[in-house]
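Subject: Handover of a structure for your review

Dear colleague,

Please find below the structure that I am passing on to you. My findings follow it, arranged by topic.

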Protein chains: 2
Amino acid sequence: MKLADAKQQFISSWGVFATQWGINRTMAQIHALLMVSPDPLSQDDVMAELNISRGNANMNIRELIDWGLVERVLVPGERREYFTAEKDIYKVAMQVAKERKKRELDPMLKLLSQLEDVEGDKKDKHVKQFIDTITGIRRFGTQAEKMLDVMIKADENWFTSNLLKLFR
Amino acid sequence: MKLADAKQQFISSWGVFATQWGINRTMAQIHALLMVSPDPLSQDDVMAELNISRGNANMNIRELIDWGLVERVLVPGERREYFTAEKDIYKVAMQVAKERKKRELDPMLKLLSQLEDVEGDKKDKHVKQFIDTITGIRRFGTQAEKMLDVMIKADENWFTSNLLKLFR
DNA sequence: ATAAACATTCAGAAAGTTTTGAAAATTCAG
DNA sequence: CTGAATTTTCAAAACTTTCTGAATGTTTAT
């Protein structure tokens, strides 16, 4: 397979893949494009490569920057801005984990704590089932949070040498 | 807070939460409702509780069954079907992990293997960056897959006693 | 100060997804 | 069988998200 075709296929599949994770197609495609590009690209490069409009490119690049997955790069002697993506997939995964924890897990745990002290007779099976379910989810979420905290702080070496050993 | 309100809030938040994971709102709400219900509910119960149409309820209940998160229950002497959800959140998480691995991770790894043997001069930085990126992602994905396989097979006790110890 | 280059915004259009509800199919008791 | 109860399907409608591109804002070179 030729590079150009492989690249196309990677970008397009990455886009499809990402929608299942609640990330939009264009954002994922831009990320994929930047991951396989050895040099930084300008907004116009991105527009041309992916056939998307100026506004779309701009919006999604900024969102990627927001997620900490893409950086602005200044090319000396060039007026326009260039962009580059983190290429170490481990770092990408940790960055995504960190953001999602902040945006999703933390608020959910906060809500669950509040719901846990619902008033009512704990002999009532409806009350009991509700509290049991909420408590179970909160406990599980709390553990997940602790795991994430350790993993996010740890460096790649720790991850590979200590944790992965468990999974041969 | 009253049970009815807490329940409402849980169901609605679970729905919002889930959309960020690419699952649709109604499906998540039905799941939430069934998780906090001590007894199985019929399709009409679900329709009434969530104010949704017959077709919508039917479709999403079937999808939940497909995901292995909800089961049909036969209530003796009743003609209509009742539904119940797995309430052990650990089992829910493992079931979701298993399905997503099958639906998303496995196909992605298959594609990456194919893309890895792109033809071209490995001295060319474009070719090199492409191969390096793809290889990195594939390796990471393969590790993740192994981890998931172990975790899915393991029982809850192993999980709690061995793995979580690592994370204090 | 001016204008060219570039970045950002945003209202409306397009595309995609979810929901409805009525019709069709299925099941089951009598 | 028959027909009432129940489940399933599906085309159209409602809703949501994403994208476009022209207008506006900002920066920089001269």
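**Contacts with DNA strand D**

In B:N58, a polar side-chain atom lies 2.8 Å from a phosphate oxygen of DNA strand D. Please note that the model is a predicted one.

Helix 4 of chain B gives the most to the surface near DNA strand D, with 4 residues. Of the atoms of DNA strand D that come within 4 Å of the protein, 64% belong to sugar and phosphate.

A polar side-chain atom of A:T26 is placed 2.4 Å from a phosphate oxygen of DNA strand D. For A:N56, an N or O atom of the side chain is 3.1 Å from a phosphate oxygen of DNA strand D. By residue class, the surface near DNA strand D consists of 9 polar, 7 charged and 1 nonpolar residues.

Sugar and phosphate make up 67% of the atoms of DNA strand C that come within 4 Å of the protein.

The side chain of A:R62 has an N or O atom 3.1 Å from a phosphate oxygen of DNA strand C. With A:E81, it is a backbone N or O atom that lies 3.0 Å from a phosphate oxygen of DNA strand C. From chain B, a polar side-chain atom of B:T26 lies 2.5 Å from a phosphate oxygen of DNA strand C.

Helix 4 of chain A and helix 4 of chain B each supply at least two residues of the surface near DNA strand C. The largest share, 4 residues, comes from helix 4 of chain A. The residues of this surface comprise 10 polar, 7 charged and 1 nonpolar.

**Relation between the two protein chains**

Chain B is superposed on chain A by a rotation of 180° with 0.0 Å of shift along its axis, at an RMSD of 0.0 Å. This is the relation of a two-fold axis. Of the interface residues of chain B, 98% are also interface residues in chain A, so the copies meet through the same surface.

**A:N60 in helix 4**

A:N60 belongs to helix 4 of chain A. Is A:N60 buried or exposed? A:N60 counts as buried because its relative accessibility is 2%, under the 20% limit for that class. Its side chain forms a polar contact of 2.7 Å with the side chain of A:N56. Leaving aside residues up to four places away in sequence, A:N60 touches A:N24, A:T26, A:M27 and A:I30.

Most residues other than glycine have a negative phi. A:N51, although not a glycine, has a positive phi of about 60°. The residue sits in the loop between helix 3 (43–50) and helix 4 (54–66) of chain A. A:N51 counts as exposed because its relative accessibility is 71%, over the 50% limit.

In chain B, the phi of B:N51 is likewise positive, near 55°, in a residue other than glycine. B:N51 lies in the loop between helix 3 (43–50) and helix 4 (54–66) of chain B. With 70% relative accessibility, B:N51 counts as exposed.

**The sheet of chain A**

Chain A has an open sheet of 3 strands in the order 1-3-2, with antiparallel pairing. Its edge strands are strand 1 (41–42) and strand 2 (70–73), each of which pairs on one side only. Strand 1 pairs with strand 3 (residues 82–85) of chain A in the antiparallel sense over 2 bridges. Where does A:L41 find its bridge partner in strand 3 of chain A? The partner is A:F83.

Yours sincerely

How values were computed
Residues numbered from 1 in each chain as written. Chains lettered and ligands numbered in written order. Predicted model: local features only at pLDDT ≥ 70, side-chain atom pairs only at ≥ 80, totals over all residues. Heavy atoms only, no water. Buried < 20%, exposed > 50% of the residue type's maximum accessible area, 1.4 Å probe, protein only. Near = heavy atom within 4 Å. Polar contact = N/O pair within 3.5 Å; in protein donor to acceptor, adjacent residues only side chain to side chain. Nonpolar A, V, L, I, M, F, W, Y, C, P; charged D, E, K, R; others polar. Least-squares fit on C-alpha atoms with pLDDT ≥ 70 in both. Contact = heavy atoms within 4.5 Å. Pairing = 2+ DSSP bridges.
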